[in-house]
Amino acid sequence: NLVSGDSIRRRFIDFYASRGHKVLPSSSLVSDDPTVLLTIAGMLQFKPIFLGKVPREVPRATTAQKCIRTNDVENVGRTSRHHTFFEMLGNFSFGDYFKREAIRWAWELSIEEFGLPADRVWISVYEEDDEAFKIWHEEVGVPVERIKRMGEEDNFWTSGATGPCGPCSELYYDFHPERGVDEADLEDDSRFLEFYNLVFMQYNRKDDGSLEPLKQQNIDTGLGLERLARILQKVPNNYETDLVYPIIQKASELAAVSYHDADDKKKVQLKIIGDHTRAIVYLLSDGVLPSNVGRGYVVRQLIRRAVRTGWLLGIKGNCKGNIEGAFLPTIAQTVIEMSTAIDPEVKARASRIIGELQREELRFVQTLERGEKLLELKLAEALSCAKQSERSPCLLGNDVFLLYATYGYPVEITTEVAIEKGVEIDREGFDVEMEEHRRQSQANHNIVKLDVENGGDLAEKVADTEFLGYDTLSTKAMVQS
Ligand code: ATP
Ligand code: MG
Ligand code: MG
Ligand code: MG
């Protein structure tokens, strides 16, 4: 099968290997880079070379890099294209080839190697990058109406306020050419899918903000494996590719729900489990243990969210906390079986991964059990208070938030339990508390970010955190690169 995820990865690597690129392994999800918690892109392991701090060993390289992007966690299952864990295929030039070759090869790979119809591929370039525009148009032959100039935010890469930087150019796939060229908007993800990003590192930004050309010009690229698989396998989203779908099938089997018959809400839940279980297995495999700090906090939150989502789906048929046994290890087993071509180490570490996962899932069950007493107390209070005041029983917003923040009780579960007892939820009050919490954690993130810019180690500096709900996962600081 030429379009299986494993074949696509191999064909990409072979394509660049036969063009003089050294094939290098993925680096660990635990990055050496002090500015990020986890590996967010293929370029990270080469950053010291790009920054001129370390001499290059080879002029060109190609990798399939395991990545985690916690900033995309809210997108999981809600967009058709975002994962927390994904593989980024990349080709890199360390002061060797530059814009012309990078563009031509990206096109050749897409059209000749993978057979994408040329009129389905659209291009974005940085608005001031006339050179890239010209290469795409005059040398590659892309008509001007399919090349869009975009601004700094989308199409200019920097690694900080000063230092190496440069314009990017991205390749998008058009699922709906019948909608025409007039209104075409590359940001419209019901029509377009970004799949390949080319970064042309050609300037050094000086202290005064001005740009000077770099002596050593570099190429850094990233192509999302799951996204190309989605295009080539002709499925409606990344989750239905052979890279993720078997995990979803396992979860739907345990939940006794059929994915294709499920409503949208259940589909999203199955996608969350499919996504998070992958991330969890690869994080545990790379030695990240659940904890309340830094990376450990990321994996703990992913595990808890996957477990809760499983309960909401009806896995084990009970979401009140008195669950016996863990179910995530069963789903993780499927991820491990699928891991050989992604990371051959995972199978060797399987028993440690499964053991750790089981312990953490049961630990979470115990946490919820402790919360259950508080929930029952608050429900009883609400009922007796209602009797006295002759109003309908209602659980206060700050109690719902307390359960959420301290015991990890998702609002959905609290609501479900409360309704069973005939108690309503002060959802508005909860939202107010939540908003206040968001504001505060945002302020905390800004502090972390400043530390990072001062060269500190983010993983060390993320303070010990109590369970503060899921949104705190998406710290911007984690994805600064
Ligand atoms: P998007 O705009 O879709 O969020 P991006 O511009 O943030 O993507 P880049 O930083 O350019 O992505 O990363 C390079 C490539 O990696 C993307 O073109 C895409 O194919 C892939 N990619 C990025 N983020 C994700 C993700 N969360 N899940 C799956 N693939 C991703
Ligand atoms: Mg993104
Ligand atoms: Mg983008
Ligand atoms: Mg991009």
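Modeller: Axes are lines fitted to C-alpha atoms, for helices over the stretch in contact, and angles run from 0 to 180 degrees between N-to-C directions. This is a predicted model: local features need pLDDT of at least 70, side-chain atom pairs count only at pLDDT 80 or more, and totals for chains, interfaces and linings use all residues. Residues are numbered from 1 along each chain as its sequence is written, while chains are lettered from A and ligands numbered from 1 in the order in which they are written.

Colleague: How many helices and strands does the protein chain have?
Modeller: Helices (H or I, at least four residues) and strands (E, at least two) are DSSP runs, numbered from the N terminus. On that basis the protein chain comes to 16 helices and 11 strands.

Colleague: Are H12 and H13 roughly parallel or roughly antiparallel to each other?
Modeller: The axes of H12 (residues 350-389) and H13 (residues 397-407) come within 10 Å and cross at roughly 170 degrees. Angles under 35 degrees count as roughly parallel, over 145 as roughly antiparallel, 65 to 115 as roughly perpendicular and the rest as oblique. H12 and H13 are therefore roughly antiparallel.

Colleague: Which residues of H13 meet H12?
Modeller: Contact means that two C-beta atoms, placed from the backbone, lie within 7 Å. H12 brings Thr-367, Leu-368, Arg-370, Gly-371, Leu-374, Leu-375 and Lys-378. They meet, in H13, Asp-399, Leu-403 and Tyr-407.

Colleague: How many residues of H6 are buried?
Modeller: A residue is buried if 20 or more other C-beta atoms, placed from the backbone, lie within 10 Å of its own, exposed if 12 or fewer, and partly exposed in between. H6 spans residues 225-232 and is mostly covered. Its buried residues pack against H1, E2, E3, E7, E8 and E9. The buried count in H6 is 7 of 8.

Colleague: Why does Arg-227 count as buried?
Modeller: Arg-227 sits in helix H6. Beyond its neighbours within four places in sequence, its contacts are Arg-81, Leu-193, Phe-195 and Asn-238. Arg-227 is buried because the number of its C-beta neighbours inside 10 Å is 22.

Colleague: How far apart in space are Arg-227 and Asp-207?
Modeller: In sequence the two are 20 residues apart. From C-alpha to C-alpha, the separation of Arg-227 and Asp-207 is 38 Å.

Colleague: Which element gives the most to the shell around ligand 1?
Modeller: A residue is near a molecule if its C-beta atom, placed from the backbone, lies within 6 Å of it. Of the 16 residues around ligand 1, Asp-72, Phe-86, Asn-197, Gly-222 and Gly-224 come nearest. Two or more residues each come from E3, E8, E9 and H6. With 4 residues, the element that gives the most is E8.

Colleague: Which residue of E3 stands opposite Ala-61?
Modeller: Two strands pair if DSSP finds at least two bridges between them. E2 runs parallel to E1, joined by 2 bridges, and Lys-22 stands opposite Ala-61 there. E2 runs antiparallel to E3, joined by 9 bridges. In E3, the residue opposite Ala-61 is Phe-92.

Colleague: What share of the protein chain is buried?
Modeller: E2 is mostly covered, with 8 of its 9 residues buried. Over the 481 residues of the protein chain, the buried share is 43%.
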